[in-house]
Amino acid sequence: MKIFICDDERQTALATQNLVKKYFKTKNKTLESMPDIFILPDGIQCLFQTYQLFLQNNTVDLILMDQNMPFLNGNVICSLIKSMKELENTYIYLITSEDDKDNLCEEADGIFSKPLKSSDVEQILKDQFFE
């Protein structure tokens, strides 16, 4: 399993990574190994790395992405990834500090407020991978 955490705030990305690792450690009895977790500093890197993995016959299983980033924001990246037939099944969750969640990417699999909490991570992973 591959998980991308895309956030231009490094501390926020590391905190999210710790929440994901914590969840998997509690589920380790049933899982063979921890997922590969990659931290990406902006939307362009996220788009590039997602497509690069696809070209190598590999996939990203989950993207946790900040909505407000430099260069290309989470809405644009989410729409671009979901518009590609080969990548449309990639799970993408936007994380935002914005109050107005109505104007976020419609193709996103979910939207959560910053800061992400352990209960949010648990909900995302249970919904998509551990029903």
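The crossing of helix 1 and helix 4 is right-handed in this predicted model; in a right-handed crossing the near helix is turned clockwise from the far one by less than a right angle, and in a left-handed one anticlockwise. Helix 1 spans residues 10–26, and its axis lies 9 Å from that of helix 4, at an angle of about 60°. Axes are lines fitted to C-alpha atoms, for helices over the stretch in contact, and angles run from 0 to 180 degrees between N-to-C directions. Helix 1 is therefore oblique to helix 4. Angles under 35 degrees count as roughly parallel, over 145 as roughly antiparallel, 65 to 115 as roughly perpendicular, and the rest as oblique.

Helix 1 contributes Leu 19, Val 20, Tyr 23 and Phe 24 to this contact, and helix 4 contributes Ser 118, Val 121, Glu 122, Leu 125 and Lys 126. Contact means heavy atoms within 4.5 Å. By class, the residues are 6 nonpolar, 1 polar and 2 charged. Here Ala, Val, Leu, Ile, Met, Phe, Trp, Tyr, Cys and Pro count as nonpolar, Asp, Glu, Lys and Arg as charged, and the others, Gly among them, as polar.

In this predicted model, local features need pLDDT of at least 70 and side-chain atom pairs count only at pLDDT 80 or more, while totals for chains, interfaces and linings use all residues. Residues are numbered from 1 along each chain as its sequence is written, and side-chain values use heavy atoms, with hydrogens and water left out.

On helix 2, the contact uses Gly 43, Ile 44, Cys 46, Leu 47 and Thr 50; on helix 3, it uses Ile 77, Leu 80 and Ile 81. This contact has 6 nonpolar and 2 polar residues, with no charged ones.

Overall, the protein has 4 helices and 5 strands. Helices (H or I, at least four residues) and strands (E, at least two) are DSSP runs, numbered from the N terminus. From that end, the elements follow the order β-α-β-α-β-α-β-β-α.

The 5 strands form an open sheet in the order 2-1-3-4-5, with parallel pairing. Two strands pair if DSSP finds at least two bridges between them. Strand 2 (36–40) and strand 5 (110–113) are the edge strands, each pairing on one side only. Neighbouring strands are turned by 20° against each other on average, direction ignored. Strand 3 (residues 62–66) and strand 4 (residues 91–96) run parallel and are joined by 5 bridges. Leu 64 stands opposite Tyr 93 in strand 4.

Helix 2 lies across strand 1 (2–6), strand 2 and strand 3, and runs at about 165° to strand 1. Helix 3 lies across strand 3 and strand 4, at about 170° to strand 4.

Two loops carry backbone exceptions. Most residues other than glycine have a negative phi, and most peptide bonds are trans. Asn 57 has a positive phi of about 60° although it is not a glycine. Asn 57 is found in the loop between helix 2 and strand 3. A cis peptide bond, with omega about -10°, joins Lys 114 and Pro 115. Pro 115 lies in the loop between strand 5 and helix 4 (118–129).
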